[in-house]
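Hi everyone, thanks for coming. Let me put the sequence and the structure up on the screen, and then we can walk through them together.

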Amino acid sequence: MVETQAFGTVRGQAVTAYTLTNAHGVRLTCLDYGATWLKLEVPIASGWQNLLLTSPDISGYADLGSYHGKTIGRVAGRIGAGKYAQALPANEGTTTLHGGPHGFSTLMWQAQAQADRLVFTRHITSAEDGFPGNIDVKVTYTLTPSDDVLIDFEAATDQPTLFNPTNHAYWNLNPGDDTIQNHQLTINSSQHFEVQANKVPTGELLANAHSGFDFARPTNLADALAIMQTTVEKGYDDIFLLTPHTPDMPIAKLTQGPRSVTMYSSRNALVVFTANAFGDELNFGAKTSRPYIGIAMEAQTASSAVSDPRYGDISLVPEQPRHEQIKYHFDY
Ligand code: FUC
């Protein structure tokens, strides 16, 4: 079943929310603006509970700083100045963050709704976002009968370019207004990337063990965040290198009470960001915006891959389309 709802306008263009419902009553809602994941609602005794941080209206999505729910591309994370052979448009000092100032998250996409999937397509020219190559991109959200959400990211190009997309959903599994400090997190990782002051990775790896980065077993986020209070960030904004794994092995699991989200990806990194400095410039409705109100878990290829082939390949070349997938499973 597909329902549509008007969701305001961006730069004069009408934005539409599309909702799919599966046989269990799980509901997935996306916007054509930013190919944004707006809500993931699970059935509970009194109705539905949304597990995502969601702004009540389109004004929340015109803010580009939090990227909540947005599709991120062409390249997730940070590309430091000079790390790529060609100059890229900067939007954080001299760094290109999350696809730069005209990345996927800022664009209107063409939507096509089917019974179990929402398909967003976009032709993006080099002139439009400042990356080399004109690309055709397709982002497909599928809601399965077994309460999985699959996001498929596909792209083709006419010139060599880069493609390392992700989704920037923030989770908060609480029914009420509590932060994610009462959640447990597990990550299939034993190392994370050292970063410079501007958060661009140095290329060096650091061990997770015996530090606030050790999520090898289910770990209370309150305890982990307490350790992180000695850091500048006072929380997580970090790139975890995933342990080599098969596509059917979870890369991460977030749990609160009976509810959990389990993530799968064949890529080698997970960025974890705990909304460390969020304040009242953001509006998440009944969830009061403040530090740790949500946790973003962004599956991707390690951003160091842009200049260091040891960490993967994010190149996109003509005649060789790329396809990446992130899978989320929900228990509730
Ligand atoms: C994550 C972080 C960034 C940024 C963004 C909203 O991806 O790596 O620092 O704050 O989220």
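**Around the ligand**

Let's start with the shell around the ligand: by class, 3 of its residues are nonpolar, 4 are polar and 4 are charged. Here Ala, Val, Leu, Ile, Met, Phe, Trp, Tyr, Cys and Pro count as nonpolar, Asp, Glu, Lys and Arg as charged, and the others, Gly among them, as polar.

Before going on, please keep in mind that this is a predicted model, where local features need pLDDT of at least 70, side-chain atom pairs count only at pLDDT 80 or more, and totals for chains, interfaces and linings use all residues. Residues are numbered from 1 along each chain as its sequence is written, and side-chain values use heavy atoms, with hydrogens and water left out.

So who is in that shell? Gly65, Ser66, Tyr67, Arg78, His98, His168, Tyr170, Lys199, Asp237, Phe273 and Glu298 surround the ligand, a residue being near a molecule if one of its heavy atoms lies within 4 Å of it.

Now the polar contacts, that is, pairs of N or O atoms within 3.5 Å. The side chain of His98 has an N or O atom 2.9 Å from a ligand oxygen. For His168, the distance from a side-chain N or O atom to an oxygen of the ligand is 2.8 Å. Asp237 places a polar side-chain atom 2.5 Å from a ligand oxygen. The ligand taken alone exposes 290 Å², and the protein buries 91% of that (Shrake-Rupley areas with a 1.4 Å probe).

One more residue from the shell: Lys199 is not a glycine, yet its phi is positive, about 70°. Lys199 belongs to the loop between strand E17 (189-195) and strand E18 (201-207); strands here are DSSP runs of E with at least two residues, numbered from the N terminus.

Another loop, between strand E6 (71-72) and strand E7 (78-79), holds Arg74. The peptide bond from Gly73 to Arg74 is cis, with omega near 0°.

Definitions and conventions. Polar contact = N/O pair within 3.5 Å; in protein donor to acceptor, adjacent residues only side chain to side chain. Helix = DSSP H or I, 4+ residues; strand = E, 2+ residues; numbered from the N terminus.
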